Each structure stands twice: as structure tokens, then as C-alpha cells.
Amino acid sequence: MTIRDIPWTHPLKVTLSSGLDRTFSGVYEALDFLENEWPLKQGPRYDRAVASCQRALARMTPPAVAREAFVAACFEAGMSAVMAAPLPYGQSSGGGAEAAV
């Protein structure tokens with residue numbers, strides 16, 4: 001998580017198309033992934049997720065709205081997203097343990 005990031009209450013564990021798991025703990029991490037690593041940069045849910053994350057970072061949208069938009073974009077791109085256990089303080093994107101949804 002960066003200084004600019006706005007953390008989510010519950011991180012998300014996303015299973016990428018390569019089979020690797022990645023944990024996202026906040027809005028900035030999700031937006032960075034959407035803009036720089038996203039496999040398919042098109043679709044209504046992708047566009048909504050990018051816009052929602054940008055608005056959340058500008059404090060114009062609640063972080064929970066951006067989180068839900070990111071989850072929807074993951075499903076649109078064929079990636080699963082589940083709630084992950086919180087990351088230890090000071091850690092970012094790793095492989096947090098999966099929690100019950």
C-alpha cells in the first residue's frame with residue numbers, strides 16, 4: 001500500500017489468468033493494476049472500475065464503491081475475486097489467506 005492509497009476494509013484476492021493469486025488492499029493498488037497490467041482494457045465494467053477508483057482517490061466516491069466495481073471488472077475479465085484475510089500492517093500485495101465471503 002502506498003501513501004496515496006485508500007485501504008479497503010477487506011482486501012481482495014484475485015486469481016489472475018496465469019493462475020497466480022494477487023492480493024489488493026486498496027484503491028490505488030487496484031487502479032494501478034487496471035491501468036498497467038489489466039489483460040483486456042475494454043468493457044463496461046473495466047471502464048466503470050477505472051472511473052470509480054479515480055473518483056475514490058479524489059475522495060468523490062466511497063472506497064467500497066470502487067472495490068465493488070473492481071470485483072465486477074475482475075469477473076468481466078474471467079478472473080475470480082474473493083475476500084482475503086487482512087494483510088499485516090505495512091505489507092502490500094502478497095498472497096493473503098482467503099477468508100469466508
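Student: In this predicted model, which residues touch the most other members of the largest nonpolar core?
Tutor: The largest nonpolar core holds 26 residues. Elements that give two or more residues to this core are β1, α1 (27-36), α2 (44-57) and α3. The members that touch the most others are V14, V27, L34, W38 and F70.

Student: Which residues does L34 touch, not counting residues up to four places away in sequence?
Tutor: L34 is one of the core residues that touch the most other members. With residues up to four places away in sequence left out, its contacts are K41, Y46, A49, V50, C53 and F70.

Student: Is R67 buried or exposed?
Tutor: R67 is placed in helix α3, residues 63-76. Its relative accessibility is 14%. Because buried means under 20%, R67 counts as buried.

Student: Which residue has its backbone oxygen 2.9 Å from a polar atom of the side chain of R67?
Tutor: Not counting residues up to four places away in sequence, R67 touches W8, H10, P11, L12 and M83. The backbone oxygen that lies 2.9 Å from a polar atom of the R67 side chain belongs to H10.

Student: What is the bridge partner of L12 in β3?
Tutor: Strands β1 and β3 (residues 80-83) run antiparallel and are joined by 4 bridges. L12 is also among the residues that R67 touches. In β3, L12 has as its bridge partner M83.

Student: Which residue in the turn between β1 and β2 has a positive phi?
Tutor: β1 (residues 7-15) and β2 (residues 21-26) run antiparallel, joined by 5 bridges. The two strands form a hairpin with 5 residues between them. The turn residue with a positive phi, of about 95 degrees, is G19.

Terms used:
Residues numbered from 1 in each chain as written. Predicted model: local features only at pLDDT ≥ 70, side-chain atom pairs only at ≥ 80, totals over all residues. Heavy atoms only, no water. Buried < 20%, exposed > 50% of the residue type's maximum accessible area, 1.4 Å probe, protein only. Polar contact = N/O pair within 3.5 Å; in protein donor to acceptor, adjacent residues only side chain to side chain. Contact = heavy atoms within 4.5 Å. Pairing = 2+ DSSP bridges. Core = buried A, V, L, I, M, F, W, Y, C linked by side-chain atoms within 4.5 Å.
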